[in-house]
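Reader: I have the sequence and the coordinates open. Please take me through them one question at a time.

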Amino acid sequence: MKAAVYRSKQLFEVTDIPKPEPGPGEVLIKVNQSAICGTDVHAFMYDIAPPGSVLGHEFAGVIAATGKGVTIWKEGDRVIGGGGEWPTGKEPPTKIHPRYNYRKMGFSANTRTRGYAEYTVLEDWAPLPIPDSVPDEAAALTEPCAVAVHAVRRSSVKLGDSVGVIGAGPIGLLAIQAARAAGASQVIVSEPAPGRTNAALAVGATEVIDPFEQDPVDRMVELTNGRGPEVIFDCAGLKNTLQQAFDAVRRDGQVVLVAVPWEPLPLLPAEWMAREIDFRSSWGSLPAEWKISLNLLADGKISASSIMTDTSTIGLDKIQETFEALMSPTTQLQTIIRM
Ligand SMILES: [Zn+2]
């Protein structure tokens with residue numbers, strides 16, 4: 001079967017590898033659509049993906065075969081490649097390791113062939129069924145959607161709140177919609193790329209600030225009657241964005257870091273700590289949030305189509321150039337690989 005194998009030093013090789021066989025308690029999934037996640041771009045960019053591995057954890061497909069003892073799936077069932085409740089003892093280290101360090105431990109745990117291949121094998125508890133009303137392209141976005149849902153559920157966003165979202169890449173665009181679904185009445189976005197600006201407005205941003213044209217802190221404060229948003233989500237994680245979030249958020253407000261900065265960030269706490277701001281980081285998602293995301297996608301409260309464009313579906317053979325392009329700040333929305 002065709003797969004994109006990570007070799008090392010920012011190099012994929014699209015090649016034939018043996019098609020996996022489902023063992024007892026496992027299912028073989030024919031992958032139809034696989035979304036490219038920022039996490040995989042980081043694994044590529046910082047060369048932390050193990051050589052020989054096949055990345056990709058955001059995929060939708062169908063059950064192609066079931067292993068011995070599998071009773072909950074049959075061939076042809078539409079599934080996404082995650083979101084099942086972890087059985088005791090199968091919880092990922094990100095959720096149970098007492099000192100989990102993503103930078104040092106992030107990719108060593110899972111070396112199984114995943115979604116950037118025609119087929120992949122999962123244990124039978126791992127996938128979730130896709131509702132009939134959710135097309136595969138949307139279903140492939142359940143995982144990033146669950147990341148946004150997790151961030152909003154970890155936040156203190158309440159009905160009627162003003163929210164700031166810094167960065168309208170795939171996660172930012174989903175966070176806008178999750179915050180709206182949670183009751184935010186105003187969502188102010190800071191994003192310079194015009195394509196992403198339009199997408200942000202299409203999914204429910206009330207205002208979009210171009211941070212190269214206007215000071216995003218001043219503008220967020222101005223748009224909230226001199227107070228600042230109650231909650232700001234940093235979905236960019238760039239050199240100055242966390243400081244901007246602290247600077248702009250209201251007294252007693254909350255800053256939630258969703259993006260994963262890989263470089264040290266300069267912060268000047270004397271600027272903002274007198275306003276007694278809460279800080280939360282948000283990491284990944286929980287199985288329950290995959291189900292919430294599928295429901296939001298099925299109800300149209302989160303729209304996948306508005307964060308995808310015609311040009312953002314590629315074949316597996318384009319993976320190398322696509323990852324190279326995604327390493328630098330991009331105007332691109334969500335990219336999906338069609339197998
Ligand atoms: Zn992801």
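**Burial, packing and backbone**

Reader: What does Thr94 count as: buried, exposed or partly exposed?
Author: Thr94 has 13 C-beta neighbours inside 10 Å. A residue is buried if 20 or more other C-beta atoms, placed from the backbone, lie within 10 Å of its own, exposed if there are 12 or fewer, and partly exposed in between. Thr94 therefore counts as partly exposed.

Reader: What pLDDT do side-chain atom pairs need in order to count?
Author: Residues are numbered from 1 along each chain as its sequence is written. The model is predicted: totals for chains, interfaces and linings use all residues, local features need pLDDT of at least 70, and side-chain atom pairs count only at pLDDT 80 or more.

Reader: Which residues does Thr94 touch, leaving out those up to four places away in sequence?
Author: Thr94 is in helix H2, residues 93–96; helices (H or I, at least four residues) and strands (E, at least two) are DSSP runs numbered from the N terminus. Two residues are in contact if their C-beta atoms, placed from the backbone, lie within 7 Å. With residues up to four places away left out, Thr94 touches Tyr100, Trp283 and Gly284.

Reader: What radius of gyration does the protein chain have?
Author: The chain holds 11 helices and 15 strands, and its C-alpha trace spans about 60 × 45 × 40 Å along the principal axes. A compact globule of 339 residues would have a radius of gyration near 20 Å, by the rule of 2.2 Å times the number of residues to the power 0.38, with the radius taken over C-alpha atoms. The chain agrees with that expectation, at 20 Å.

Reader: What share of the contacts with a separation of 6 or more joins residues 24 or more positions apart?
Author: Of the 339 residues in the chain, 44% are buried. Among contacts with a separation of 6 or more, the share from residues 24 or more positions apart is 73%.

Reader: How far apart are the C-alpha centres of the two domains?
Author: The chain is divided into domain 1 (2–141 + 304–338) and domain 2 (146–281), with bounds from an automatic or database domain assignment. Eight residues from domain 1 and 11 residues from domain 2 take part in the contact. The C-alpha centres of the domains are separated by 28 Å.

Reader: Which residues are in contact with Val165, leaving aside neighbours within four places in sequence?
Author: Val165 is one of the residues with the most contacts inside the largest nonpolar core. Leaving aside those sequence neighbours, its contacts are Gly172, Ala175, Ile176, Val187, Val189, Phe233 and Cys235.

Reader: How many of the 12 residues of H6 are buried?
Author: H6 reaches 17 Å from its first C-alpha to its last, close to the 16 Å expected; the expected span is 1.5 Å times one less than the number of residues. Its buried residues pack against H1, helix H5 (142–154), strand S8 (162–166), S9, H7 and strand S11 (231–234). H6 is mostly covered, and the number of its residues that are buried is 11.

Reader: Within what arc do the buried residues of H7 fall?
Author: In H7 (residues 194–202), Arg196, Ala199 and Ala200 are buried. Seen down the axis, they line one face of the helix; the arc is that of the directions from the helix axis to the C-beta atoms. That arc is 105°.

Reader: What arc do the buried residues of H11 cover?
Author: The buried residues in H11 (residues 319–326) are Ile319, Phe323 and Leu326. They are on the same side of H11 because they cover an arc of only 65°.

Reader: What is the phi of Asp252?
Author: Asp252 is in the loop between helix H9 (241–248) and strand S12 (254–257). It is exposed, with 11 other C-beta atoms within 10 Å. Although Asp252 is not a glycine, its phi is positive, at about 70°.

Note on methods
Core = buried A, V, L, I, M, F, W, Y, C linked by C-beta atoms within 7 Å.
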